[in-house]
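Please consult the sequence and the structure while reading.

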Amino acid sequence: MRRFLSTTLALALLGAGLAGCAPLLIGGAMVGGSLVATDRRTSGAQLEDEGIELRAVNRLHENLGERGHVNVTSYNRQVLLTGEVPSEQDKQLAGQVVTKVENVRAIVNELGVMGTTSLAARSSDVLITGRVRASLVDARDLYANAFKVVSERGTVYLMGRVTQREAARATEIARSTGGVQKVVRVMEIISEDELQRLLPQPAQPEKAQK
């Protein structure tokens with residue numbers, strides 16, 4: 001029962017994120033903001049990431065038109081490009097266009113040079129993302145909201161600001177999830193000390209007044 005509830009929760013988060021952030025399309029590509037309620041970015045970084053995604057979408061549309069299926073995901077100003085484009089030239093062009101977007105500090109270009117995937121394949125990726133999210137929610141030794149999960153053609157990309165321990169554990173969980181063919185880590189590694197500073201601190205008890 002707990003597994004069922006976790007899966008339902010993860011799929012609900014995924015659906016809410018897709019519906020609530022007004023996703024944009026480029027040749028059928030969905031681009032959205034963060035799918036979690038809280039994460040380890042500052043509020044300013046979260047706003048910057050949303051702006052990066054929107055600007056990248058517009059500029060890719062200007063340069064690529066309807067060629068390919070391009071997803072843009074920004075986390076702490078690091079941009080992940082996934083999807084498919086028809087040529088190596090288009091892949092390089094997409095990377096160059098996004099690199100020039102304001103506030104982008106790094107880019108990971110994972111675009112495949114191939115035909116656009118089918119709706120069935122993309123639906124399968126949505127389900128894989130939901131399963132991975134559910135497994136992260138199930139894990140008692142992880143903060144599921146610290147991760148952003150992106151799936152493309154059976155490959156799962158894990159993003160977030162996490163410790164080496166958290167990265168290894170999340171990778172293990174994703175690899176054991178049904179339908180996952182490969183896991184790629186696009187993470188910013190922080191120290192355990194930094195993690196403790198990022199976590200909410202327990203409220204201090206009020207001193208009794210004399």
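Q: Why is Glu194 called partly exposed?
A: Glu194 has a relative accessibility of 24%; buried means under 20% relative accessible area, exposed over 50%, and partly exposed in between (1.4 Å probe, protein chains only). The value of 24% falls in between, so Glu194 counts as partly exposed. The model is predicted: local features need pLDDT of at least 70, side-chain atom pairs count only at pLDDT 80 or more, and totals for chains, interfaces and linings use all residues. Residues are numbered from 1 along each chain as its sequence is written, and side-chain values use heavy atoms, with hydrogens and water left out.

Q: What makes the contact between Glu194 and Arg161 a salt bridge?
A: A salt bridge requires a side-chain nitrogen of Lys or Arg within 4 Å of a carboxyl oxygen of Asp or Glu. The N to O distance between the side chains of Arg161 and Glu194 is 2.8 Å, so the pair meets the criterion. Glu194 lies in helix α6 (residues 192-198) and Arg161 in strand β8 (residues 155-163), so the pair ties together parts that are 33 residues apart in sequence. Through shared partners, salt bridges join Arg105, Arg161, Glu188 and Glu194 into one network.

Technical notes:
Helix = DSSP H or I, 4+ residues; strand = E, 2+ residues; numbered from the N terminus.
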